[in-house]
Amino acid sequence: MNYQAPLRDMRFVLHELFDVTGHCQQLGNGLDRETIDGVLDEAARFAAQVVAPLNRNSDEQGCRLQDGEVITPTGFAQAYKLYVEQGWASMTGPLAFGGQGLPQMVSASFHEMLMSASLSFRVYSGLTEGTVVALARHGCDALKQRYLAPLVSGEWTGTMCLTEPQAGTDLALLRTRAQPQDDGRYLLSGSKIFISGGEQDLTENIIHLVLARLPDAPPGIKGISLFLVPKRLVNADGTLGERNAVSCGALEHKMGIKGASTCVMNFDGASGWLVGQPNQGLACMFTMMNDARFQVGLQGLGIAEAAFQGGLAYARARLQSRAISGPVAPEKPADPIIVHPDVRRMLLIQKTLSEGCRMLSAYAARQLDLEHYTGDAAQREAACRRAALLIPMVKAFFTDCGQEVASLGVQLYGGHGYIREWGMEQLMRDSRITQLYEGTNGIQALDLIRRKLLGDGGSELNALIDELATAVAQVKSQTAMAEQVAMRLQEWRTLAGTVLLACRRDPEEIGAVSVDFLAYSAYVMLAALWLQAAERASQVLAAGSGEPEFYQAKLQSADFYLRRVLPRAGAHREVLLAGAGCLMALPATDFAF
Ligand SMILES: Cc1cc2nc3c(=O)[nH]c(=O)nc-3n(C[C@H](O)[C@H](O)[C@H](O)COP(=O)(O)OP(=O)(O)OC[C@H]3O[C@@H](n4cnc5c(N)ncnc54)[C@H](O)[C@@H]3O)c2cc1C
């Protein structure tokens, strides 16, 4: 597989649909189009030339645990060094701590490229940005001064230590303890499992953000606090001191992302420092989770793009059978498989889901930027509500798409898709975890209904639908498409009202409708974005301002999405309207009968 960043589409989304330059002006960061395009060009080179070539070997080689140290796959340490030296690590970090303060709308494109190039490689740096956000927001000045700059530069990495053997989704079951000391430290004891990048040989220090309980903490989630626990203690002058009592006890053997270390981490009286207020750990962690969940969404998108590129290259090159309506390449022994309708169906699903998710990622990134950087308090709050509504959709829908598109990648290659050397089966294995971590996709869907929809009685969702409907009403060229999308938006509004009533009446409905409501919402949201893409393409084509093939393809892709992907929303609607009764009727004891 030869990955090349989809720069043309990224520019279409950023400049033509979302006016990233205007967005940057609004944020006051001084980035102009030339700089943004320059960053994307360099990012594409880094992803394709430095990271992507490591991906296959990292899968074959995996990580090793040797005398308590983790050895990452060959080439990762060198690539990570370049990642730091060339400033990729500090892209989004705060200016006050040496970061470049680039908006998510720009950095998301780079992160998507990294995910496509090697999900395993990205895992090591992926949680550092969230660690920075959580520490900058909740850490005291002393912690910020000591830890933020090296985290922002990428000299050190960050981890997120939540999961324990008995506590996954349900963090109320956490047992790790933190014992206060007279000198302001806490000693942490307990064991965490599945910790991404918990130990590695890329950086000299690793900063763990750990959830644990204080001795007098109330039971359940109200008794969880957040602690910073460094792998190596840090002296007052910033130099590294002795090793802390935290170690990697084992590496998990897993289905995919084999180049990323997934560690059992033992805390044996390790020195830690409280971040934020006692018993407010989950709230602090949530600051990090929005960012982390957005990043996992980008993992789904990155995998989808890589699988689409692989599928397309193969479909153009592989010769099998003749086109139904007669030979297309009579000089060859058979036609390339891209002539077959079913192959085109698979490719177009791959293409429209990938490009659709890319548009939604830019929309969500804009909200995250406004939430973090705009000076206007009302706008900040509005963006915060919008981002909160979108994040579960981005995380769950993008990663479901990643898995579907990767599976189509395997299918497109026929039997060769099942064989390692072609790379498709790795994408499928690598992408599977994205539907599970950072809260399973089922939990994302519950979050959408419980906290976001029921939380405000549907007002933020209705505000989003209003915004999309206004944009649809302004569409001039694609009236048939616009009518279809307007009808779906109205249906979405009515459906949300029905869901709200049902969930208020019977709490079992929350879990019964959630997954289908999330999928329905995401398919309709993507339809509204595809309509905007089609409108823009029509305008450019009418003006005759160049690249007709690109814009024609956008129009045809929008048409495909609305005709052959959007109808899935109808099926999700029908399923969720079936209600909880038939789900809950069968007694747990009778499932095997
Ligand atoms: C490779 C890998 C890397 C990871 N990295 C990290 C990391 O860096 N840091 C970290 O802290 N953790 C990490 N995790 C852990 C991951 O976040 C958890 O595995 C995940 O949140 C699910 O928890 P669980 O495995 O205990 O599943 P469970 O919570 O046991 O869930 C099992 C099933 O039950 C469902 N379920 C559970 N509760 C409910 C409910 N209330 N309603 C409906 N359905 C429910 C779930 O959706 C799931 O389908 C990682 C895991 C893996 C495999």
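1. Arg420 is partly exposed, at 38% relative accessibility (buried means under 20% relative accessible area, exposed over 50%, partly exposed in between, with a 1.4 Å probe and protein chains only). Arg420 pairs with Glu60 in a salt bridge whose closest N and O atoms are 3.3 Å apart; a salt bridge is a side-chain nitrogen of Lys or Arg within 4 Å of a carboxyl oxygen of Asp or Glu. Because Arg420 lies in the loop between α12 and α13 and Glu60 in helix α4, the pair ties together parts that are 360 residues apart in sequence. Glu60 also counts as partly exposed, at 40% relative accessibility. Helices (H or I, at least four residues) and strands (E, at least two) are DSSP runs, numbered from the N terminus.

2. The model is a predicted one, in which local features need pLDDT of at least 70 and side-chain atom pairs count only at pLDDT 80 or more, while totals for chains, interfaces and linings use all residues. Residues are numbered from 1 along each chain as its sequence is written, and side-chain values use heavy atoms, with hydrogens and water left out.

3. The structure holds 37 salt bridges. One of them joins Lys554 and Glu355, at 2.8 Å from N to O. This pair links helix α18 (residues 548-565), which holds Lys554, with helix α11, which holds Glu355, across 199 residues. Both Lys554 and Glu355 are buried. Through shared partners, salt bridges join Asp9, Glu112, Glu305, Lys351, Glu355, Arg358 and Lys554 into one network.

4. How do helices α1 and α11 pack? Helix α1 (residues 7-17) and helix α11 (residues 341-373) have axes 10 Å apart, at an angle of about 40°. Axes are lines fitted to C-alpha atoms, for helices over the stretch in contact, and angles run from 0 to 180 degrees between N-to-C directions. The angle makes α1 oblique to α11; angles under 35 degrees count as roughly parallel, over 145 as roughly antiparallel, 65 to 115 as roughly perpendicular and the rest as oblique. Asp9, Met10, Val13 and Leu17 of α1 meet Glu355, Arg358, Met359 and Ala362 of α11, where contact means heavy atoms within 4.5 Å.

5. The side chains of Glu164 and Lys192 meet at 2.9 Å, N to O. Glu164 is in the loop between β3 (157-161) and β4 (177-180), and Lys192 is in strand β5 (residues 186-196), 28 residues apart. Both Glu164 and Lys192 are buried.

6. Helix α13 (residues 424-432) is mostly covered, with seven of its nine residues buried. Among the buried residues are Glu425, Arg429 and Asp430. The cover includes α4 (55-61), α7 (119-126), α10 (281-317) and α12 (377-412).

7. Ser514 is in α17 and is buried, with a relative accessible area of 2%. Beyond its neighbours within four places in sequence, Ser514 is in contact with Ala445, Leu446 and Ile449. Ser538 is also in α17 (residues 508-543) and is buried at 11%.

8. Asn279 is not a glycine, yet has a positive phi of about 65°; it is found in the loop between β11 (262-275) and α10. Glu438, also not a glycine, has a positive phi of about 60° and lies in the loop between α13 and α14 (441-453). Asn279 counts as partly exposed, at 23% relative accessibility, whereas Glu438 counts as buried, at 15%.
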